[in-house]
Amino acid sequence: MSPSSILRRHRVAALLGAALIISPVIVSFAQSNAGLSTVAATTQTPVAGITAPNGSFAPVIAVTKPAVVTITSVMKAQPQDEGSPLGGNAPFDQFFQQFFGDQGMPMPKAPPQQQGQRAEALGSGFIVGADGTIVTNNHVVDGASSIKVTLDDGTELPAKLVGHDAKNDLAVLQIKADKPLPTVKWGDSDKLMTGDQVLAIGNPFGIGTTVTAGIVSARGRDLHSGPFDDFIQIDAPINHGNSGGPLVDVNGNVIGINTAIYSPNGGSVGVGFAIPSDQAEKVVAKLMKGGDIEYGYLGVQIQPVTQDVASAIGLDHPGGALVSAVTQGSPAAKAGIETGDVITGFAGQEVKDPKDLSRAVADVSPGAKETLDVWRKGKAMQISADVGRNSDDQKTASNGNEGGSPSVGQNLRVPSLGLGLTDLTPDIRDQLNLAGNQRGAVVERVNPDKAASVAGIQPGDVIVGVDQMPVKTARQANQAIAEAGKSGKKSVLLLIDRGDAQIFVAVPFAAG
């Protein structure tokens with residue numbers, strides 16, 4: 001098994017400021033493309049509702065529908081690339097291939113296009129300012145050479161992109177009209193409860209403004225599309241073309257932005273997602289000032305602290321974000337954060353899980369100095385870090401260990417965990433595409449009936465640390481695991497190199 005295939009299926013670490021985890025679920029952007037088709041992770045949001053007056057939503061629709069618009073983005077399509085359903089410059093083409101190509105599924109094909117041919121992508125939006133300020137999804141206008149807005153009365157107007165933010169998938173447009181325009185108001189998505197009634201408004205498939213009703217199906221959905229995933233799931237039907245349209249409560253307030261659907265066939269199956277209004281409103285306020293939004297960057301790979309991990313490192317309860325790797329030269333490295341640290345607080349806020357830390361860091365302005373609460377080898381401490389600037393081209397840290405020379409092909413069994421370990425040899429390094437200075441113990445075999453298999457250890461993993469101490473050979477790893485067992489610990493914490501990610505795995509010892 002190649003490291004790349006292992007990574008695709010098992011990456012669980014995230015570079016703060018840019019989530020790297022890929023969900024094995026097909027999620028389609030609710031955007032209609034003429035000549036283009038786009039698939040990627042997204043979301044939907046609703047807010048608390050009340051029973052519709054007299055059983056009809058007509059009064060709500062009369063107030064909100066005039067403020068909903070259709071957005072047409074014109075793009076210059078590139079020649080169709082071999083194996084690429086969207087063409088060379090299609091939005092989210094790489095993400096599309098990850099969802100289909102990596103799953104072994106047939107990839108949808110877009111209609112053939114000639115070089116220089118223009119393609120139109122349809123989406124929705126809503127007016128929040130009588131002067132013509134419009135909110136939509138970033139993916140509706142991403143890469144557009146020109147944008148046109150069609151009002152509810154049929155008036156067509158050119159639009160200017162004021163600002164956009166890919167991480168939150170939000171964009172702000174501006175149009176000029178000869179009269180004040182109807183608007184909708186923001187609602188409070190934090191008050192939303194599962195079961196509340198909601199209305200989704202947009203232009204599905206370009207057939208015209210359409211209203212559908214449903215309820216909130218779930219809150220806090222994480223589709224692994226970015227550091228801000230906190231989507232609200234609804235069952236109100238939305239389809240391609242609904243992207244960017246408002247999700248409103250029964251009082252006519254916008255409590256979400258319809259963004260994505262889960263669909264095995266491209267159409268609505270009653271699983272939609274929206275960006276919560278409380279999240280969107282803050283971002284939109286910044287985008288209205290123009291340009292992009294800069295996010296903070298720390299430079300660590302992190303993972304959850306499970307009960308087994310907490311037991312292995314001496315924490316009395318699971319919680320926080322476990323640092324599995326630190327990017328060389330990053331703000332985290334300069335501040336002295338180490339692999340194996342558990343970050344339990346950031347800027348005075350409690351960190352309950354990796355998502356908390358990712359969001360907190362991303363929300364900080366680059367250049368700010370913040371304090372981190374850290375648990376390190378049984379002791380609590382505080383570390384001050386200068387938050388850096390996040391950019392999409394930042395990569396995770398190199399996983400090579402310096403020094404030492406490997407023994408020659410030593411094979412050892414670790415029966416307590418169900419592992420077979422061997423030393424790194426030049427051939428194994430080549431097979432696993434590892435650096436020449438990589439050290440550790442290679443997992444050669446895993447007993448499917450033992451604890452290591454249950455914990456997710458697999459052949460090809462390289463154990464580089466045991467209980468937060470580095471190991472360079474199979475013998476060192478075996479001895480460290482044995483010592484952990486003799487000390488009375490319920491589990492042992494293994495630091496694993498897997499592909500280009502580094503993760504901690506807690507493996508419990510057999511009872512008795």
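Student: How many helices and strands does the protein chain have?
Tutor: The chain of this predicted model has 11 helices and 30 strands.

Student: And what share of the residues is buried?
Tutor: Of the 512 residues in the protein chain, 52% are buried. The chain exposes about 21,900 Å², and 51% of that comes from carbon and sulfur atoms.

Student: What part of the contacts is between residues 24 or more positions apart?
Tutor: Taking contacts in the chain with a separation of 6 or more, 67% are between residues 24 or more positions apart.

Student: Moving on to the cores. How many residues are in the largest nonpolar core?
Tutor: It has 42 residues. Those with the most contacts inside it are Ile71, Ile134, Val149, Leu151, Leu173 and Ile175.

Student: What is Ile175 in contact with, leaving aside neighbours within four places in sequence?
Tutor: The list is Asp131, Gly132, Ile134, Val149, Leu151, Leu157, Pro158, Ala159 and Leu181. Ile134, Val149 and Leu151 on that list are also among the core residues with the most contacts. Another core, of 26 residues, lies apart from the largest one and includes Leu417, Ala451, Ile457 and Ile496.

Student: Which strand does β15 share 3 bridges with, and which one 5?
Tutor: The 3 bridges are to β12 (residues 231-234), antiparallel to β15. The 5 bridges are to β14 (residues 254-262), which also runs antiparallel to β15.

Student: What stands opposite Ala274?
Tutor: In β12, Ile232 stands opposite Ala274. In β14, Asn258 stands opposite Ala274.

Student: Now aromatics. How many pairs does the structure hold?
Tutor: It holds 1 aromatic pair. Phe126 and Trp186 form it, edge-to-face, at 5.7 Å centre to centre with 80° between the planes.

Student: Where in the chain are Phe126 and Trp186?
Tutor: Phe126 is in strand β5 (residues 118-129), while Trp186 is in the loop between β9 (170-174) and β10 (197-202). They are 60 residues apart, and the pair links distant parts of the chain.

Student: Is Phe126 buried or exposed?
Tutor: Phe126 counts as buried because its relative accessibility is 0%.

Student: And why does Trp186 count as partly exposed?
Tutor: Trp186 has 21% relative accessibility, and buried means under 20%, so Trp186 counts as partly exposed.

Key
Residues numbered from 1 in each chain as written. Predicted model: local features only at pLDDT ≥ 70, side-chain atom pairs only at ≥ 80, totals over all residues. Heavy atoms only, no water. Core = buried A, V, L, I, M, F, W, Y, C linked by side-chain atoms within 4.5 Å. Buried < 20%, exposed > 50% of the residue type's maximum accessible area, 1.4 Å probe, protein only. Contact = heavy atoms within 4.5 Å. Helix = DSSP H or I, 4+ residues; strand = E, 2+ residues; numbered from the N terminus. Areas by Shrake-Rupley, 256 points an atom, 1.4 Å probe, with all protein chains shown as cover. Pairing = 2+ DSSP bridges. Phe/Tyr/Trp six-rings, centres within 6.5 Å; stacked < 30°, edge-to-face > 60°.
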